[in-house]
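Subject: Structure for you to look at

Hello,

Please find the structure below. My notes on it follow, starting with a term you will need.

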Amino acid sequence: MNEATTALALETRLLCKSFGALTVADRIDFRLQRGARHALIGPNGAGKTSFVNLVTGALRPDSGEILIDGSVVTELAQSVRVKRGLARTFQVTALFRRLSALENVTLAIAEREGVAGDLARPAGRYRWIIEEAFALLEGLELAADALRPVNMLAYGRQRLIEIAVALGLGPKVLLLDEPAAGVPSRETELVASVVERLPSDIAVLIIDHDMGLVFRLARRITVMVEGRILVEGPPEAIAADPEVRRVYLGEHERR
Amino acid sequence: MATAGPVRADLRAESGAVAVFARRHRVHPLEALPWAAAIAAFALFPSYLPLGAQILATILFALSADLVLGYAGIVTLGHAAFFGVGAYTAGILAAHGWGEPISGLIAAALAAALLGLISGLVVLRTTGLTLLMQTLVVATLLHEAANKASALTGGDDGLQGMVVWPIFGLFRFDLFGRTAYVYCLVVLFLGWWTARQIVQSPFGRSLTGIRENVLRMHAIGAPVMRRRLVIYTFAAGLAGTAGALIAQTTQFVGLGFLGLERSGTILIMLIIGGVGRLYGAFIGVPLYMIAQDRFSAIEPVYWYFEIGLLMVLTVVFARGGLFALIDRLRR
């Protein structure tokens, strides 16, 4: 394994996926550097969420390869990819709604530590896991809500718990699928500042429509259109690219 | 992220969230209540002990259904399959010259657990209505098999000629049901304690995660199928134990042990008590069975009407079972 491959947290090679006549992934070559702050943008139906589902293993590709941290995971189950360091959040909040915030994060950490299959000892004995979960919530300023069921919390806070659950998995790669979707504008700032403060060794891929958020957080942007990668580059280059303006930003302004 | 001021430190102290969480598995004094009631009933109602023993064994069956439905969120209409297999295992052993009750109970639990494992491998691959239908199919197949294999099971007439030996060679099953009552109570206690340990373990917590959101469970890397299979197998063993208890204490097994009605009734008892809290079984089962006993003494034909009324009242006024009602009144 050479230097170039090991510097990549996530890579896809010629990834293809079609549903009948609809191609959602068309020979996607994508590279995510270690510790990257990378955004994936594109108009509705460009295949962004399908790409996330392919990478996490919720969808099987027709052809092509997926590598996490330099090793091929194309054939591996979703749960194994998580163990390899791939975590995601969902576009629509998918938490354990009636369980407390602390329980949500504790469940994730217990899976990461490989103790979640233990039937013999009370969960409370794994105090260090609860401590770590609490510290994570504390870091996101959610300590006061730790024992409240998450469905009682404001939506912006639920989005943060989504991130806390993903962080509890100790990821090398974090896929944030529209982290601020559905959040009232005054709470967007909260989500953005949390993403900004994420540990620098985690490679973050943000999939979003919100241009303000993307240009604030990303140091590199990939634009997808109709299942293909149109262009990739630093934010300034993307903003100036006439092709991008035509297919995406222009369309965005017209709305 | 290192901004833990004095306020935050308080939250982590003994009264704080972490401590509350780490203490959840401790035994609450109120948890002694069902056991105190069971012991009091033994002293107060000596002529009702045979019914009491049936109630205790049925609580164990309902507890097993609660693990599957209330914790793992597996909706089943075939739970009697495991109950029946346990009953027939203990029954056939006792009718063929092996009447030792404890080993009969263990054999019944193992046979039912094996069925849980094998059927679970197929059934648990599906969800929703398909899963419901498949559990129904498993129970129906067994019901038909037991009907056909009448040489072994007695078919429609039921299994005759069980001889159950005294427990430890000392305590014989008496006509007043004293031994049966204590036997069922001890087995129920052991079953409840094991179930409680499991529910409080990280495994048990992950089951509630599966019930709440399977998608998210996959996303945090949990082997969902394996977890479900483990609890399904364990619960099957528990249901088999309950079936064996009733077989041994009544010295009879019939096709009804495997029937759809029994699978349905146990869910009704559980729903009346409250699903997913381990204690619903302790309220719902006695209430249902005592009501059934009383109503059928007054009106031998129409007692289902009162039971139906009880069910309707529960659904209208006590969503989430009587337990939820108690919760609401306390607030």
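Two strands count as paired if DSSP finds at least two bridges between them. Keep in mind that this is a predicted model.

Start with the hairpin in chain A. Strand β1 (residues 8-19) and strand β2 (residues 22-33) of chain A run antiparallel and are joined by eight bridges. Within this pair, A:Leu8 stands opposite A:Gln33 of β2(A). Two residues lie between β1(A) and β2(A) in the hairpin. In that turn, A:Gly20 has a positive phi of about 60°.

Now chain A as a whole. Its secondary structure consists of ten helices and ten strands. A box of roughly 55 × 45 × 35 Å, taken along the principal axes, holds its C-alpha atoms. The radius of gyration of chain A is 19 Å, which agrees with a compact globule, because a globule of 255 residues would have a value near 18 Å. Of the 255 residues in chain A, 46% are buried. Among contacts in chain A with a separation of 6 or more, 67% are between residues 24 or more positions apart.

Last, the core. The largest nonpolar core has 177 residues, and the members that touch the most others are A:Leu137, A:Ala164 and B:Cys184. Helix α4 (residues 49-71) of chain B gives the most to this core, with 15 residues. Leaving out residues up to four places away in sequence, A:Ala164 touches A:Val105, A:Leu136, A:Leu137, A:Leu140 and A:Leu142.

Regards

Definitions and conventions:
Residues are numbered from 1 along each chain as its sequence is written. Chains are lettered from A and ligands numbered from 1 in the order in which they are written. This is a predicted model: local features need pLDDT of at least 70, side-chain atom pairs count only at pLDDT 80 or more; totals for chains, interfaces and linings use all residues. Helices (H or I, at least four residues) and strands (E, at least two) are DSSP runs, numbered from the N terminus. The radius of gyration is taken over C-alpha atoms; the globule rule is 2.2 Å times the number of residues to the power 0.38. A residue is buried if 20 or more other C-beta atoms lie within 10 Å of its own, exposed if 12 or fewer, and partly exposed in between; C-beta atoms are placed from the backbone. Two residues are in contact if their C-beta atoms, placed from the backbone, lie within 7 Å. A nonpolar core is a set of buried Ala, Val, Leu, Ile, Met, Phe, Trp, Tyr and Cys residues joined through C-beta atoms within 7 Å.
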